[in-house]
Amino acid sequence: MNENFQNDSADALGEATFKTRRTRWQRLRIELKKAPPTAIFGMLVIITYIFVAIFAPLLAPYGEADNSFAALLPWGDGHLFGTDQIGRDIFSRLIYGTRNTMGIAFVTTLLAFVIGCGLGLISAINQSWLDQLISRAVDVLMAIPALIFALMMLSIFGSSVTSLIIIIAVLDSTRVFRLTRAVAVGVVVMDYVEAARLRGEGLGWVMRQEVLPNIMPPLVAEFALRFCFVFLTIAALSFLGLGIQPPAADWGSMVRETANMIQFANFDFKASLTPLLPAAAIALITVSVNFVADWLLQISSGLRDEH
Amino acid sequence: MVPILVTILKRVGLGIITLIIVSVVIFTLVQMLPGDFTQAVLGQAATEETVAAFRKELGLDKPAVARYFDWIKSVSTGDFGTSFSGFSDIAAAGADQRRVADMVAPRLANTLFLAGITALVAVPLALTLGITAALKRNTFYDRLASVATLTTIAFPEFFIAYILILFFGTLYPIFPSLANVDPNMPFLTRVYVCALPALTLTLVIVAHMMRMTRATIINLLARPYIEMAKLKGEPPSTIILKHALPNAWAPIATIITLNLAYLVVGVVVVEVVFVYPGIGQLMVDAVSNRDIPVVQACALIFAATYVLLNLTADIIGIITNPRLLHPK
């Protein structure tokens with residue numbers, strides 16, 4: 001993700017030329033040095049989460065759905081965060097939850113971008129009845145609140161991971177479409193695009209080689225923000241019992257399952273924190289991604305405050 | 001005043017068209033239900049006759065276009081049809097049927113009450129914070145507010161809700177952690193019972209609203225006419241009241257209505273956390289039971305509220321736009 005905003009055409013000149021031009025890595029390091037502490041913090045958290053998600057089976061002390069322990073054990077004593085109502089280790093489920101929750105949110109965001117960017121670019125280049133058709137369809141989809149629309153679609157198609165990913169991706173692709181179209185419309189009229197088309201390049205080539213690299217920076221920042229929205233929507237749906245289904249470990253449904261423990265705060269304060277752990281895990285990653293997105297927006301666009 | 005009237009009428013027309021299309025979308029989606037749906041609702045034991053009666057009740061023996069107009073006609077008179085929950089009990093079919101409108105109406109009132117008290121607290125608070133942060137830009141206060149709101153926005157609603165329950169519901173039991181309201185409660189008790197859900201919603205919405213207000217005001221203060229007023233030597237109060245504020249009404253109205261629309265959605269999760277008998281919880285229950293008429297009614301109400309709020313925002317924007325008010 002980090003190289004993408006290093007939007008350059010001079011890489012080919014690179015090392016071979018005598019005039020020392022900074023390489024991709026050098027420029028990346030310079031940008032990173034200037035990054036505000038919040039962005040550094042955000043990146044560290046994201047890297048940790050990705051690490052945990054990839055190596056979940058190695059890090060977790062017990063299995064994802066291993067319910068061979070006594071129910072509702074307290075913190076400590078072999079189970080760092082105790083066990084849940086049917087005797088599954090909370091700590092292990094938190095670790096596996098990283099993989100499920102982040103993985104599904106990432107795939108959904110990616111799909112939303114494939115749909116939204118593709119249609120947005122087509123609309124920007126075409127600008128005829130097709131553009132009108134797609135734009136009006138998107139207007140209608142955006143006239144209904146996303147969570148309500150998702151709830152309705154889930155009641156019709158049933159809640160499975162596949163339908164969850166497709167529904168949320170389609171709903172979120174509307175915003176990606178709007179952004180892509182708005183940015184691309186300005187690029188499409190540029191002379192170099194015209195030149196490429198006069199050269200006889202195909203539509204696909206023009207889109208990939210001429211338009212896409214020039215609209216990349218705002219899209220990268222949007223990807224981070226979109227990921228947050230998708231993540232929070234899926235967490236909310238899972239919390240409502242309509243998202244990722246058991247026995248798969250997922251933070252949203254873990255909050256729902258352990259929510260009752262909060263009543264016992266006066267007897268066992270630690271146990272009452274259990275439902276807050278997965279919720280805090282969600283909060284931490286969304287805060288971190290937001291911090292990074294804020295920084296990306298600042299270096300990539302004019303959205304910074306003028307001084 | 002005529003051009004402004006034309007603009008408003010155009011916008012209202014567009015809003016009505018949007019509403020119609022939204023209703024068509026909601027109706028069409030339900031038509032995509034899998035074919036064995038009647039069996040799923042009635043259970044395996046359903047006889048041929050009950051299935052046929054159920055299909056007739058749904059109007060499945062008529063063409064889709066006719067069904068849409070039937071549905072719209074009854075919805076416009078406040079009749080949302082019959083809930084599926086009565087049908088599962090085959091023996092009592094007919095006697096046990098529940099009208100969707102009777103289920104939705106009291107819950108809609110509860111939700112509007114919760115959203116109302118939230119808005120009463122959140123709107124003035126957010127505007128004050130946003131405007132002061134914009135005026136004292138790049139001070140410590142501004143940065144603190146910025147980090148705090150960014151953090152709150154990134155928190156899921158249920159996280160804020162459970163933190164509040166932990167502190168004010170169980171550790172220091174000041175407020176009830178379950179918001180059980182009933183229609184006979186006196187007003188103040190009701191507000192007291194709703195305190196925690198309203199506080200959760202307030203926190204979420206103030207963060208959004210404050211950030212938007214701050215951005216708008218900063219954008220406004222950078223305009224050339226503000227600089228002109230400054231150079232003329234006018235006092236800061238005149239600049240804000242006479243030059244900035246008339247141009248700020250439209251964006252501020254948009255911010256308020258946008259966030260009230262956001263409140264409509266945020267209410268779903270918060271209602272479930274606090275077991276508040278509102279329309280959001282009704283919809284979630286209906287979705288898990290696949291009680292389609294109820295889902296349809298709730299979705300239509302949510303979508304209509306959303307569309308109407310956006311319409312209001314645009315109209316306020318048109319009315320308060322000085323350029324449209326004083327045509328050349």
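Okay, B:N138 to start: this residue sits in the loop between helix 5 (100-135) and helix 6 (140-154) of chain B. By helix I mean a DSSP run of H or I with at least four residues, and by strand a run of E with at least two, numbered from the N terminus. Phi of B:N138 is near 65°, a positive value in a residue that isn't glycine. Buried or exposed, then, B:N138? Exposed, because 11 other C-beta atoms lie within 10 Å. The cut-offs are 20 or more other C-beta atoms within 10 Å for buried, 12 or fewer for exposed, and partly exposed in between, with C-beta atoms placed from the backbone.

Before I go on, this is a predicted model, so local features need pLDDT of at least 70 and side-chain atom pairs count only at pLDDT 80 or more, while totals for chains, interfaces and linings use all residues. Residues are numbered from 1 along each chain as its sequence is written, and chains are lettered from A and ligands numbered from 1 in the order in which they are written.

Back to chain B, where B:V275 is in the loop between helix 11 (236-273) and helix 12 (279-289). Its phi is near 50°, again positive in a residue other than glycine. B:V275 counts as partly exposed because it has 13 C-beta neighbours inside 10 Å.

Now a helix pair. In chain B, the axes of helix 1 (residues 2-31) and helix 13 (residues 292-319) come within 10 Å and cross at roughly 165°. That makes helix 1 of chain B roughly antiparallel to helix 13 of chain B. Axes here are lines fitted to C-alpha atoms, for helices over the stretch in contact, with angles from 0 to 180 degrees between N-to-C directions; under 35 degrees is roughly parallel, over 145 roughly antiparallel, 65 to 115 roughly perpendicular, and the rest oblique. Among the residues making this contact are B:I4, B:R11 and B:L19 of helix 1, and B:Q296, B:A303 and B:D314 of helix 13. Contact means C-beta atoms, placed from the backbone, within 7 Å. By class, this helix pair brings 15 nonpolar, 5 polar and 2 charged residues to the contact. Nonpolar covers Ala, Val, Leu, Ile, Met, Phe, Trp, Tyr, Cys and Pro; charged is Asp, Glu, Lys and Arg; the others, Gly among them, are polar.

On to chain A: 12 helices and 0 strands. Of its 307 residues, 43% count as buried, and the C-alpha trace spans about 75 × 50 × 40 Å along its principal axes. One buried residue is A:F291, which has 26 C-beta neighbours inside 10 Å and is found in helix 12 of chain A. Leaving out neighbours within four places in sequence, A:F291 touches A:T38, A:A39, A:F41 and A:G42.

So where do the chains meet? The contact takes 38 residues from chain A and 41 residues from chain B. On the chain A side, helix 6 (146-157), helix 9 (203-239) and helix 12 (276-300) each supply at least two residues. That side divides into 29 nonpolar, 7 polar and 2 charged.

Of its 159 residues, A:I148, A:A150, B:M283, B:C298 and B:A303 touch the most other members. The largest share, 18 residues, comes from helix 9 of chain A. Not counting residues up to four places away in sequence, B:M283 touches A:L151, B:V268, B:V295 and B:C298.

Note on methods:
Contact = placed C-beta atoms within 7 Å. Core = buried A, V, L, I, M, F, W, Y, C linked by C-beta atoms within 7 Å.
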